[in-house]
Amino acid sequence: MKYRKLGRTRIEVSEISLGTWQVGGKWGSGFDDGLAEHIINEAIDEGVNFIDTADVYEAGASEAAVGRVVKSRSEEVFVATKCGRQINPHVNEGYTVEVLRKYVEDSLKNTGLDCLDLIQLHCPPTDVYYRPEIFELFDRLKDEGKIKNLGVSVEKVEEGLKAIEYPNVNTVQIIFNMFRQRPSELFFEQVRKKDIGVIVRVPLASGLLTGKFTQDSTFEKDDHRFFNREGAAFDKGETFSGVPFDIGLQAVDELKKVFPNRENLAPIALRWILDFPEVSCIIPGASKVAHLKSNLEAVELPSLTEEEKAAVNQIYKKHIKKHVHQLW
């Protein structure tokens, strides 16, 4: 494993870390505690030292599994969780200091940890980023020894840029991949200047960038790749990175020509992300150990050549950019 600095937190995190949205099983399958613990333990065995979870992942079951495993290990493993998405309806007015404080304290109980290494606002509505009192709360929680660092998980570049105006925001979690390239522009320029840790989520565009889907691929009705393609439940950018499925398949077919003889494009897609020095770590999910092993291959791959990078960018411009670039 290789490690990078998580911005000004000074924490050194594994380049490939672990996201736990579906760590207890595939989307819509229910949560399997044994499977979750097995995957998390395997990740730590492989050198993963940063695990991202959230209080809404399987109603807290993910947080609890992460806490159990981390407490059972001798290695130093950093735990990041998120708060705010329990607010229903999920609107600006629902965000109050009292509500968020309770969520943080509930996450401490749920994980069994004395202090959270990183707490992140979980994709709040854009208006929340313009409310200093929300961000000031986390200074008090830090003084109380309940958290070490504050970050945000964002949907839009605009939100990330606004968040890092607050001096206590040390990390930004953002969607960035071959099919969502806008963060590499102004956003990366600003995080370099301010020494912000960048945590990349949805790196494989909900599996599109593995190259394993076809027009005949189907998804369970409880899988967001079935029900959220148009944003019926949450921001559609979380599903296939906002790319229409058929357009994504066309683009992937062209990627396969750039990287021939690779049945699984996932390690290449992750390597593309790691070639940006602004990225601190990637948090791909894994619903089975095989997914974890596939993701970890990216660390050992050489950087893409300039010709390969140019080909990826051309495919993005030809097929994807007009569908996503201006939206997020």
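Helix α3 passes helix α4 in a right-handed crossing, a term used when the near helix is turned clockwise from the far one by less than a right angle. This is a predicted model, in which local features need pLDDT of at least 70, side-chain atom pairs count only at pLDDT 80 or more, and totals for chains, interfaces and linings use all residues. Residues are numbered from 1 along each chain as its sequence is written, and side-chain values use heavy atoms, with hydrogens and water left out.

Two packed helices are described by the angle between their axes and the distance between the axes. Helix α3 (residues 97-111) packs against helix α4 (residues 132-143) at an angle of about 40 degrees, and their axes are 10 Å apart. Axes are lines fitted to C-alpha atoms, for helices over the stretch in contact, and angles run from 0 to 180 degrees between N-to-C directions. Helices (H or I, at least four residues) and strands (E, at least two) are DSSP runs, numbered from the N terminus.

Eight strands form an open sheet with parallel pairing, in the order β3-β4-β5-β6-β7-β8-β9-β10; two strands pair if DSSP finds at least two bridges between them. The edge strands, β3 (18-19) and β10 (281-282), each pair on one side only. Within the sheet, β5 (residues 78-83) and β6 (residues 118-122) pair in the parallel sense over four bridges. Ala 80 has Leu 118 in β6 as its bridge partner. Helix α3 packs on the sheet and touches β5 and β6, contact meaning heavy atoms within 4.5 Å. The direction of α3 makes about 145 degrees with that of β5.
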